[in-house]
Amino acid sequence: MTVLLVEDDRAIADAIIDGLDDHGIAVRHVVLGSEAIAKVKDPEITIVILDLGLPDMDGTDVCREIRRFSDVPIIVASARETEMDRVDVLELGADDYLVKPFGIKELIARMNAVLRRASGSPGTITHIEVGSLVIDSRTHEVRLGAESIQLTPKEFELLEYLAREPDTVFRRSDILRDVWHTTWYGTTKTLDAHVASIRKKLGDAGWIESVRGVGFTVRRVR
Ligand code: CA
């Protein structure tokens, strides 16, 4: 594993680099957001640890920019600790959020958890079919009949999560926990927005049915 550390505070960066080095984890360190966006294209990078307050741009913009072309796991590490910040960065496609200060052991545990989720455990379903809807978990491709559907990474994750068990009603709280990795119910608006967007892209709201007071289920439409 090679970590891309995006951090402008020298002392914090040194502590993280030394701590990860003690565990045999290689670190590439950059200070600027623009450097991070360039460096993350290097295939050796397996995970990004991203500070939000950077000299040249906001870390949230760095996160958004990376998500345009890469699904590389991103852990935001920041001193900002309001829930809005946390939800914001998760919405932007970050995989987890650590509030400074944090210990190396906690960081490594989070990194391992994020990488496990990203790679999928052995025996994970990689191909889901619900009628004419086909979801490929390896390539992140979604097709509806012959048509390719372009989803954001989070939309993909949500649809994949629901479609694994069609006709099963998933509770909102479970979806937030498993897809957004949060138990903060303010995120429920985000969930609704993602469902609305997926329905629009699939061209038929019937693919994802709302079950009032409970949650959502994927139904076979055609
Ligand atoms: Ca900073």
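1. Let's start with D8: it counts as partly exposed, because its relative accessibility is 34%. D51, by contrast, is buried, with a relative accessible area of 6%. Keep in mind that this is a predicted model.

2. Why look at those two? The D8 and D51 pair links distant parts of the chain, 43 residues apart. D8 sits in the loop between β1 (2-6) and α1 (10-22), while D51 is in the loop between β3 (47-50) and α3 (59-67).

3. Next, the open sheet of 3 strands: the order is β10-β12-β11, and the pairing is antiparallel. β10 (170-171) and β11 (208-211) are the edge strands, each pairing on one side only. β10 pairs with β12 (residues 215-218) over 2 bridges, and F170 stands opposite F216 in β12. Helix α6 packs on this sheet and touches β10, β11 and β12, its direction making about 75° with that of β12.

4. α6 (residues 153-163) also packs against helix α8 (residues 188-202), with an angle of about 85° and axes 10 Å apart. That makes α6 roughly perpendicular to α8.

5. Which residues in α6 and α8 meet? From α6 come K154, E155, L158 and L159; from α8, L191, H194, V195, S197, I198, K201 and L202. The residues of this contact divide into 6 nonpolar, 2 polar and 3 charged.

Conventions: Residues numbered from 1 in each chain as written. Predicted model: local features only at pLDDT ≥ 70, side-chain atom pairs only at ≥ 80, totals over all residues. Heavy atoms only, no water. Axes fitted to C-alpha atoms, helices over the stretch in contact; angles between N-to-C directions. Helix = DSSP H or I, 4+ residues; strand = E, 2+ residues; numbered from the N terminus. Parallel < 35°, antiparallel > 145°, perpendicular 65-115°, else oblique. Contact = heavy atoms within 4.5 Å. Nonpolar A, V, L, I, M, F, W, Y, C, P; charged D, E, K, R; others polar. Buried < 20%, exposed > 50% of the residue type's maximum accessible area, 1.4 Å probe, protein only. Pairing = 2+ DSSP bridges.
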